[in-house]
Amino acid sequence: MDDGGNEYILNIDGTILSYLDVTIVGITSRSFDGQSADDDIRHIVITPASGTPTFTLGGSSLVLSGDLTINGGELDTGTKDLTVAGDVTGAGTLTGNASAI
């Protein structure tokens, strides 16, 4: 998923009927709001094509029913909570600030 220059690289508004696995390859620091109405995002993989962008949680807190993999760049929770039912792995950076993780 590449943002094409938009403010949000991912912005889910509504219901996901099944499970959604997301791979983010953008190279520009952006926000993302990946919280669906029914918490059906399973895995998120952050693998920037180049550089070390920072992706910041915007909108709502994020709940993943599977794994979070940060292969490069940074995921910054800002003030949002992050819940990952599976594993958190990768060579990238997870910045939790004062958020509940």
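**Exercise 1.** Which residue forms a salt bridge with Asp21, and how many Å apart are the closest N and O atoms?

*Solution.* Begin with the term: a salt bridge is a side-chain nitrogen of Lys or Arg within 4 Å of a carboxyl oxygen of Asp or Glu. The structure holds 1 salt bridge. Its partners are Arg42 and Asp21, with 2.8 Å between the closest N and O atoms. Arg42 belongs to strand β4 and Asp21 to strand β2, so the pair links distant parts of the chain, 21 residues apart. Strands here are DSSP runs (E, at least two residues), numbered from the N terminus.

Next, accessibility. Buried means under 20% relative accessible area, exposed over 50%, and partly exposed in between (1.4 Å probe, protein chains only). Arg42 counts as partly exposed because its relative accessibility is 32%. Asp21 is also partly exposed, at 41%.

**Basis of the model.** The model is predicted: local features need pLDDT of at least 70, side-chain atom pairs count only at pLDDT 80 or more, and totals for chains, interfaces and linings use all residues. Residues are numbered from 1 along each chain as its sequence is written, and side-chain values use heavy atoms, with hydrogens and water left out.

**Exercise 2.** In which order do the 4 strands of the open sheet stand, and which are the edge strands?

*Solution.* Two strands pair if DSSP finds at least two bridges between them. The order is β2-β4-β7-β10, with parallel pairing. The edge strands are β2 and β10 (88-89), each of which pairs on one side only.

Now take the pairs in turn. Strand β2 (residues 20-24) is joined to strand β4 (residues 41-46) by 5 bridges. Within this pair, Thr23 stands opposite Val45, and Ile24 stands opposite Ile46. On to the next pair: β4 and strand β7 (residues 68-70) share 3 bridges, again in the parallel sense. Here Ile44 has Leu68 as its bridge partner.

**Exercise 3.** In which order do the 5 strands of the open sheet stand, and how many degrees does the twist average from one strand to the next?

*Solution.* The order is β1-β3-β5-β8-β11, and the pairing is parallel. At the edges are β1 (8-11) and β11, each pairing on one side only. The twist averages 20° from one strand to the next; axes are lines fitted to C-alpha atoms, for helices over the stretch in contact, and angles run from 0 to 180 degrees between N-to-C directions. Strand β1 is joined to strand β3 (residues 30-33) by 3 bridges. One of the residues in this pairing is Asn11, whose bridge partner in β3 is Asp33.

**Exercise 4.** Which residues make the nonpolar surface patch of about 260 Å²?

*Solution.* Patches are made of residues with over 30% relative accessible area and no salt bridge; like charges are joined within 9 Å, and nonpolar side chains (Val, Leu, Ile, Met, Phe, Trp, Tyr) within 5 Å. Accessible areas come from the Shrake-Rupley method with a 1.4 Å probe, and for residues only the protein chains shown count as cover. The patch is made by Val88, Leu94 and Ile101. Of these, Leu94 lies in strand β11 (residues 93-95) and is partly exposed at 32% relative accessibility.

**Exercise 5.** Is Gly73 buried or exposed, and how many Å separate its C-alpha atom from that of Leu94?

*Solution.* Gly73 lies in the loop between β7 and β8 (74-76). Gly73 counts as buried because its relative accessibility is 12%. The C-alpha atoms of Gly73 and Leu94 are separated by 8.9 Å, the two residues being 21 residues apart along the chain.

**Exercise 6.** What is the phi of Asn97?

*Solution.* Phi of Asn97 is near 50°, a positive value in a residue other than glycine. Most residues other than glycine have a negative phi. Asn97 is found in the segment after β11 and is partly exposed, with a relative accessible area of 49%.
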